[in-house]
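Here are a few exercises to work through with the model open beside you. Try each task before you read the solution.

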Amino acid sequence: MSRIPLRTIENAPVEAKERLVTAEKGSGFLPNLLRILANAPVALETYQTVGAINGRASLSLQEREVVQITAGAIHGCGFCVAGHTAIATKKAGLDSATIEGLRAGSRLADPRLDAVARFTEAVIATRGAVSDPELASFKAAGYGDQQALEVILGVSLATLCNFANNLGQTPLNPQLEAYQWNPDERAAAE
């Protein structure tokens, strides 16, 4: 049960209604995250705006999903891990071993994706004050300063939705239940 009301299009604040209608048309259902964020229309706007900006990053969809799943797992956000597992599976084409590795926080077979995951972990753990060797390792995998900053962009987006879901105790939509994740899965792997 959610601690914050799950708004509908009908009972959402006026400033959030159009955004919810557009989101529902785009995905075929209204994600509960957006229903939570609709309680604060500026939070919903921020999430959607930053999400659109993040979608224009030079990082590929696969790399952006690595950031999102890694951050969600670190922050213990079952809703976001499930949602981004669905995107990683259906749209980004990540294989199941890579997705399970991300969800567990383990090393990935693909060295570039592993570099993104490890750098994301370092960014979160150090609040951006990564060590010179951590940055050098990321760059040795073929990334540059632009991509390092785009990882931070992705972490900022993830932090907003991860923390909102953790605060609201957002239940999974039925459309995401097949991708359910429990934070204990990551703790067991560590």
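Buried means under 20% relative accessible area, exposed over 50% and partly exposed in between (1.4 Å probe, protein chains only). This is a predicted model, where local features need pLDDT of at least 70, side-chain atom pairs count only at pLDDT 80 or more, and totals for chains, interfaces and linings use all residues. Residues are numbered from 1 along each chain as its sequence is written, and side-chain values use heavy atoms, with hydrogens and water left out.

**Exercise 1. Is F138 buried or exposed?**

F138 comes out at 1% relative accessibility, so it counts as buried. F119 is buried as well.

**Exercise 2. Find the aromatic pairs and say how each is arranged.**

Step 1: set the rules. Rings of Phe, Tyr and Trp (its six-membered ring) pair if their centres lie within 6.5 Å; planes under 30 degrees apart are stacked, over 60 edge-to-face, and the rest tilted.

Step 2: search the whole structure, which gives 2 aromatic pairs. For F119 and F138, the ring centres are 4.2 Å apart and the planes sit at 15°, so call that one stacked. This pair links distant parts of the chain, with F119 in helix α7 (residues 111-126) and F138 in helix α8 (residues 132-140), 19 residues apart. Helices here are DSSP runs (H or I, at least four residues), numbered from the N terminus.

Step 3: move on to F138 and Y143. Their centres are 4.6 Å apart with planes at 10°, so this pair is stacked too.

Step 4: F119, F138 and Y143 make one aromatic cluster. Y143 is buried, at a relative accessible area of 5%.

**Exercise 3. Which charged end sits over the ring of Y143?**

Take the cut-off: NZ of Lys or CZ of Arg within 6 Å of the ring centre and within 35 degrees of the ring normal. R112 is your residue, with its charged end 4.1 Å from the centre of the Y143 ring.

**Exercise 4. How many residues of α5 are buried, and what covers them?**

Step 1: count. In α5, 10 of the 13 residues are buried, so the helix is largely enclosed by the rest of the structure. Among them are F79, H84 and A88.

Step 2: look around. The cover includes α2 (32-37), α4 (61-74), α6 (96-104) and α9 (145-168).

**Exercise 5. What does Q68 contact?**

Q68 lies in helix α4 and is buried, at 3% relative accessible area. Contact means heavy atoms within 4.5 Å. Leaving aside neighbours within four places in sequence, Q68 contacts N54, H84, G154, L157 and A158. Its side chain reaches the backbone oxygen of G154 at 2.9 Å.

Key:
Helix = DSSP H or I, 4+ residues; strand = E, 2+ residues; numbered from the N terminus. Polar contact = N/O pair within 3.5 Å; in protein donor to acceptor, adjacent residues only side chain to side chain.
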